[in-house]
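Here is a short note to read beside the model.

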Amino acid sequence: MSTAPVVLRYLRRAGFALAFGFALAPGALLASEACTADTITLVVPYAPGGVVDLVGRVVADELRTSVGQNVIVENKAGAGSNIGTAAVARAAPDGRTLILASAAHTINPSLYKKLTFDAIKDFAPVGMVGSVPNLIVVNPEVPVNSMAELIAYAKANPGKINFGSAGTGSSPHLAMEMLKAKTGIDMQHVPYQGQPQATQDLITNRIQAMALTMTLAVPLVKDGKLKALAVTSEKRSEALPDLPTVAETVVPGFNVVTYLAVLAPAGTPEKTIKCLNAALVAGLAKPSVVERMKPLSAIIAPSSPAELAAFMVKDRDQWAEVIGAAGITVQ
């Protein structure tokens, strides 16, 4: 029997919860009408229907009713988010064009040889929204129950464990590449066109392991369809408090998450950036948002523009090292 309906059901459940959690947080991401004098366009650099798109559309809808300012979402998908990102880099720096960036923003400079923008210099950070960790999961038939056992099993069976990902260069792919590099194990990467396809094959044991976004992974783990070994964030997740981190088990300092952040074009006035950041921080601090983000395994982590700027440089440099060592490229 095909596992597609099973995976899609969990995706819909996770996506609905994400939308619901943000919908109850008026003005959670962007700004009050004092920040700009005209319509705000929030560019989502992915096709409609994904997690980033869900967040963007719910936030835009809420802003229209909560602050009376027109906000539209514009999907500019393609080239691993590079098309939409380039469009925002070229936009007028007046606060009317923003992007909801994810981990690809600081990964892609090392994956793509020719980009028409600089991921750091061409953007003005507004603030971090938060992050979603990954879970290191395996098919229940794999004879391991901890990260230490997975490492030992992989070393005893070099090249025999196949791990999937949402695609070459995706955050879950690179999490596993970092694990390989730090532990010296040999596992084979199998790229897919998105997490649903990879998850289907993981459930049926066509592939044996994966770093899977917690939003999708937690319900599958709780239903016994996958076995969780560790969480990839620096600290344990409230969703699975008894599950250790990779950092506390086999790789000290290991911390790989999928972040979401709001950016504006470089040159946007500091006054506008401060206004947008204040609205972002205030919205994310609301108890209703905090409570409704818990089931998503999302970690709310608002930041100042300066803190986000420093994070982006560090994240870009970290992935440049991993990608270079693994020889990963995207055509």
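**Notes on salt bridges and packing**

1. Eight salt bridges are counted in total, a salt bridge being a side-chain nitrogen of Lys or Arg within 4 Å of a carboxyl oxygen of Asp or Glu. This is a predicted model, in which local features need pLDDT of at least 70 and side-chain atom pairs count only at pLDDT 80 or more, while totals for chains, interfaces and linings use all residues. Side-chain values use heavy atoms, with hydrogens and water left out, and residues are numbered from 1 along each chain as its sequence is written.

2. Take Glu 74 and Lys 76. Their side chains form a salt bridge, 3.2 Å from N to O. Glu 74 is partly exposed at 31% relative accessibility. Lys 76 is also partly exposed, at 26%. The classes here are buried for under 20% relative accessible area, exposed for over 50%, and partly exposed in between (1.4 Å probe, protein chains only).

3. Asp 201 pairs with Arg 206 in a salt bridge, with 3.2 Å from N to O. What is the accessibility class of Asp 201? Asp 201 counts as buried, at 17% relative accessibility. Arg 206 is exposed, with a relative accessible area of 54%.

4. Glu 248 and Arg 236 make a salt bridge at 2.9 Å, N to O. Glu 248 sits in helix α9 (residues 246–249) and Arg 236 in the loop between β8 (227–231) and α9, so the pair ties together parts twelve residues apart in sequence. Helices (H or I, at least four residues) and strands (E, at least two) are DSSP runs, numbered from the N terminus. Glu 248 is partly exposed at 43% relative accessibility. Arg 236 is partly exposed at 41%.

5. There is also a network. Salt bridges link Asp 38, Asp 94 and Arg 96.

6. Now the helix contact. Helix α4 (residues 104–111) and helix α12 (residues 305–326) have axes that come within 8 Å and cross at roughly 40°. That makes α4 oblique to α12. Axes are lines fitted to C-alpha atoms, for helices over the stretch in contact, and angles run from 0 to 180 degrees between N-to-C directions. Angles under 35 degrees count as roughly parallel, over 145 as roughly antiparallel, 65 to 115 as roughly perpendicular, and the rest as oblique. The α4–α12 crossing is right-handed: the near helix is turned clockwise from the far one by less than a right angle.

7. Which residues of α4 and α12 make the contact? On α4 they are His 105, Thr 106, Ile 107, Ser 110 and Leu 111; on α12 they are Met 312, Asp 315, Arg 316, Trp 319, Ala 320 and Ile 323. Contact means heavy atoms within 4.5 Å. By class, the contact of α4 with α12 has six nonpolar, three polar and two charged residues. Ala, Val, Leu, Ile, Met, Phe, Trp, Tyr, Cys and Pro count as nonpolar, Asp, Glu, Lys and Arg as charged, and the others, Gly among them, as polar.

8. Asn 82 belongs to helix α3 (residues 82–90). Asn 82 is buried, at 7% relative accessible area. Leaving aside residues up to four places away in sequence, Asn 82 touches Asn 108, Tyr 112, Leu 115 and Phe 117.

9. Val 52 lies in helix α2 (residues 51–66) and is buried at 11% relative accessibility. Not counting residues up to four places away in sequence, Val 52 touches Val 44, Tyr 46, Leu 100, Ser 102 and Leu 260. Val 52 and Leu 100 are 48 residues apart along the chain, with 7.3 Å between their C-alpha atoms.
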